[in-house]
Amino acid sequence: MTQLIAAIDQGTTSTRCMLFNHTGRAVAAHQLEHRQLYPQPGWVEHDPLEIWQCTQEAVRTALAKAPRAKIAAVGIANQRETTVVWNRHTGQPYYNAIVWQDTRTDAICRALAGNAGQDRFRARTGLPLATYFSGPKIKWLLDHVDGLRPDAERGDALFGTIDSWLAWQLTGTHITDPTNASRTLLMDLETLDWSDDLLQAMDIPRAMLPAIQPSSAATPYGHTDADGPFGTTLPVCGILGDQQAATVGQACFDAGEAKNTYGTGCFMLLNTGEQIVPSAHGLLTTVCYQFATEPAAYALEGSIAIAGALVQWLRDNLGLIASAPEVEELARSVDNNGGVYFVPAFSGLYAPHWRDDARGVIAGLTSYANKGHIARAALEATAYQTRDVLDAMRADSGVDLRALKVDGGMVQNELLMQFQADALSVPVIRPAVAETTALGAAYAAGLAVGFWDSSEEMCANWSEDRRWMPGRDDRARTEGYARWQKAVARSLGWIDAD
């Protein structure tokens, strides 16, 4: 009977379960989409019970595709910052999950910033005050959901990001890991514990917070129930936020190694080892992973809110394409962007700008422009946003990347990958296993139970699938990026502070 590791990859638009063998290859998988709820402009929600239902179905179907396999352990990767609060006794959510893209907490963030500004908590947390993070979302729920605050103060209401919600459903334990906790604006980066000062500043009861455990736990967080989707008792012992999971899945274990994930958003992480590197150029300082009793590894991160979500918007809102892969064919129907630049600031701009007042802009339109130019500009927007982040990363770290490892759903778009190599002027490398988020969760769980012995063994599993070399001349690169920056400037200040 073959031993495998099960990984639950709960993302912004879908949930999947993947089963990995010892070489890091997927043996079976199943994926289901869930609804995106938009009750007001700028608000984005998910139904936590729908996510749990999708998780159960994904697990059962994946297991059915490998009936002779024995599962050794379970790992979880999750969309980060998305905030759920549920009742300890009934298991019922008090409200829909508030998704990381949601901007309803902009007034809370401004009030918390006060005279100290957006970086009030950055020295402690590595984060600016922004609608992206979980802490202000918890405060909004406490302030707006009837009966929630007294329940939270009694310890009857539990907060969690999606990892905590799924771990609680699977094992009955209320836990998270440092990669997710570091995205709340409530955890001290040095102590890896909740900060009483930060909790007091946001008026959040400590009793509602999960225990913070290592990302790869030698002692399991808990065990699945035989009546649950796995049908047997299994250790759940790996948790990583999705972007940190992709970093682990890409085997970026050495300081100075970086990866970029192209999903709903786009996220570049640079491993800085045991060193906490403050950012002066709009990046996030975050936990990269913590394995068992080893010291935590940290990272600099550039977070981009809209990447694959822009392609989804072209499909669902404008009807320019019938399926996401068609965007590449449409973009190839023209030789260039026709002078069109697309800044997808649908939820404001994240790194390195951190401007909640920005909104989406299509600039440079003339009567010459057609839907092919708009599709091409949409792909180029992801490449240019990544260039913004890489420039900030170079300035903060002093590291000059020689190549960029990439993963996520959009890396199958070969035109985008060539755009990316051209925009950055470095090679772009796609691994043989593109689904590195799920693989990273599997690695965390498998390392905990000895399925893999070391990071070196996991590094040996990594292999290259394809490499794109920069081919655009310097003048075209410089002029294109300069026009992109002009378009970004026009997206700023669209929303008034009041």
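Mentor: Let's start with a rule: two strands pair if DSSP finds at least two bridges between them. Keep in mind that this model is predicted.

Trainee: Okay! In which sense do S6 and strand S8 pair?

Mentor: S6 covers residues 84-87, and S8 covers residues 157-160. Two bridges are enough for a pair, and here there are 4. Across the pair, Asn-87 stands opposite Ala-157. The sense of the pairing is antiparallel.

Trainee: Which residues of S6 point the other way from Val-84 and Trp-86?

Mentor: Val-84 and Trp-86 share one direction from the strand. The residues on both sides of S6 are buried. Pointing the other way are Val-85 and Asn-87.

Trainee: S6 shows up around helix H4 too. How many of the residues of H4 are buried?

Mentor: Helix H4 spans residues 134-144 and is mostly covered. Its cover includes S6, S8 and helix H5. Among the buried residues are Lys-137, Lys-139 and Trp-140.

Trainee: On to the rings. Are Tyr-289 and Phe-291 stacked or edge-to-face?

Mentor: A pair of aromatic rings is described by the distance of the centres and the angle of the planes. For Tyr-289 and Phe-291 the centres are 4.6 Å apart and the planes are at 20°. Planes under 30 degrees apart count as stacked. So this pair, one of 22 aromatic pairs, is stacked.

Trainee: Is Phe-291 buried or exposed?

Mentor: Buried means under 20% relative accessible area. Phe-291 has 5%, so it is buried.

Trainee: What kind of pair do Tyr-341 and Tyr-384 make?

Mentor: Their ring centres are 6.2 Å apart, with the planes at 35°. That angle falls between the cut-offs of 30 and 60 degrees, so the pair is tilted.

Trainee: How many residues apart are Tyr-341 and Tyr-384?

Mentor: Tyr-341 sits in strand S19, and Tyr-384 in helix H12. Both count as buried, with Tyr-341 at 6% and Tyr-384 at 4% relative accessibility. This pair links distant parts of the chain, and the separation is 43 residues.

Trainee: Which ring has the charged end of Arg-387 over it?

Mentor: A charge needs to be within 6 Å of the ring centre to count. Elsewhere, Arg-104 lies over the face of Trp-43, 3.8 Å from the ring centre. For Arg-387 the distance is 3.9 Å, and the ring belongs to Tyr-481.

Technical notes. Residues are numbered from 1 along each chain as its sequence is written. This is a predicted model: local features need pLDDT of at least 70, side-chain atom pairs count only at pLDDT 80 or more; totals for chains, interfaces and linings use all residues. Side-chain values use heavy atoms; hydrogens and water are left out. Rings of Phe, Tyr and Trp (its six-membered ring) pair if their centres lie within 6.5 Å; planes under 30 degrees apart count as stacked, over 60 as edge-to-face and the rest as tilted. Buried means under 20% relative accessible area, exposed over 50%, partly exposed in between (1.4 Å probe, protein chains only). Helices (H or I, at least four residues) and strands (E, at least two) are DSSP runs, numbered from the N terminus. A charge sits over a ring if NZ of Lys or CZ of Arg is within 6 Å of the ring centre and within 35 degrees of the ring normal. Contact means heavy atoms within 4.5 Å.
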